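Please read the points below alongside the coordinates. They begin with one local element and then turn to the whole chain.

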Amino acid sequence: GNPSIKALALPQRMSAIAKQWKALSAEEKKPYIEQSLATQPLKPKRAVSAYAVFFKEAQTRTDIKALPFVQRAKQIAAQWKGLSKEQKKPYEARAIALSPRKRVTAYQLFSKQIWASPENKALSLEAVRKKISELWKVLPQTRKKAFQDRAVELSPPATPKITPYNLFTEKAHERRDIKALPAQLRVTATAKLWKALSAKEKQPYIEQALALQPVKPKKAVSGYILFIKECHARASIKALPFVQRAKKIAEQWKTLSAEQKKPYEAQATALSPRKKVTAYQLFCKEMWARSEIKALPFETVSRKISEQWKALPESRKKALKERAVELSPPVPPKRLFPYNVFVREVSLRPEIKALPLHQRFQKIAGIWKGISADEKRAYAQKTQLSLPKGNWKKLEP
């Protein structure tokens, strides 16, 4: 936002900003670092291996640091192989602590133990699975309980489900009269209190529970689902048992014409999350809808569609591509650099087009190095247009 920086050309601007950043102290940089960390998207934590922990530790040693990377990797690998099981244990424990915890079952732990025995390694996969299943069935309850306890220790803590009743229970258990009751009577008393509440009194708990629910990814909606929802509201359908209701709605949907189904399908498209669609996908859908195609085997249909797509006129392909763009989510604009714009412009020249790809880029790089700073500045100004991919032809001279 500095006016003196804004007035400069892009390369000079970047250079001035870089100098200012270098001049800042560690304390002055700290707020920017904290802000950038806070705005970073959360990435799923990956599993860490014991070898990765050992590798990281070994890289800090001065004797390893001095070696080139390839020799360094070989040396660390040789050192890891030389360690005994006891020496590897601390690294394995650290790897487990650093890795995200996944839910483990008692049966999985038992299976792992059986698989580790040498006599089972020689058997086939099916034979070992059958053996594990039979052994698990006859296993004493005390041994099963030991595996269950270990599974609970290794699994991440279960996240409690947030419901309006759970929120009410938490609040009710704070009351003195409820607190004084034994555990079983406390549960019964809370349930009675919840039933005694009116719909208006329950509403704040419902709203609070909805607000605390984790955000789930939006799922695709079909025209048939919307039709079902509409039918369920009818009094004639409501009176029927669930199985008959489902059959009745399915029959009604089948009797609707393609024109009558269109409003439901349009509404479903609007409610569903948009995914990238290609022209070829639309063509495949169109082909699969034909009755003569439906009768053919899958492999034959795939080959036939591929052949017909190759023979399709460019005008038809263009229409399908335009439809695919309409149905796909908008592509976010990509950042253009001065050299990118220059490459795209120069690539259109006939003498450059005639060259093989690797020579073409070498030639363009040589031309870029030979142009003046003023000419490069002109390309820098063009990048400020921030054009999305595909609109770069607007930059042609």
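This is a predicted model: local features need pLDDT of at least 70, side-chain atom pairs count only at pLDDT 80 or more; totals for chains, interfaces and linings use all residues.

1. Helix H19 covers residues 258-271, which makes 14 residues.

2. Which residues of H19 are buried? They are Lys 261, Tyr 264 and Ala 268; buried here means under 20% relative accessible area. An α-helix has 3.6 residues a turn, so residues three or four places apart point the same way.

3. What do the buried residues of H19 pack against? Their partners are helix H16, residues 223-232, and helix H18, residues 242-255.

4. On secondary structure, the protein contains 27 helices and zero strands. Among contacts with a separation of 6 or more, 59% join residues 24 or more positions apart.

5. On overall dimensions, the radius of gyration is 33 Å, whereas a compact globule of 397 residues would have one near 21 Å. The C-alpha trace spans about 85 × 75 × 60 Å along its principal axes.

6. On burial and surface, 22% of the 397 residues count as buried.

Methods: Residues are numbered from 1 along each chain as its sequence is written. Side-chain values use heavy atoms; hydrogens and water are left out. Helices (H or I, at least four residues) and strands (E, at least two) are DSSP runs, numbered from the N terminus. The radius of gyration is taken over C-alpha atoms; the globule rule is 2.2 Å times the number of residues to the power 0.38. Buried means under 20% relative accessible area, exposed over 50%, partly exposed in between (1.4 Å probe, protein chains only). Contact means heavy atoms within 4.5 Å. The expected span of a helix is 1.5 Å times one less than its number of residues.
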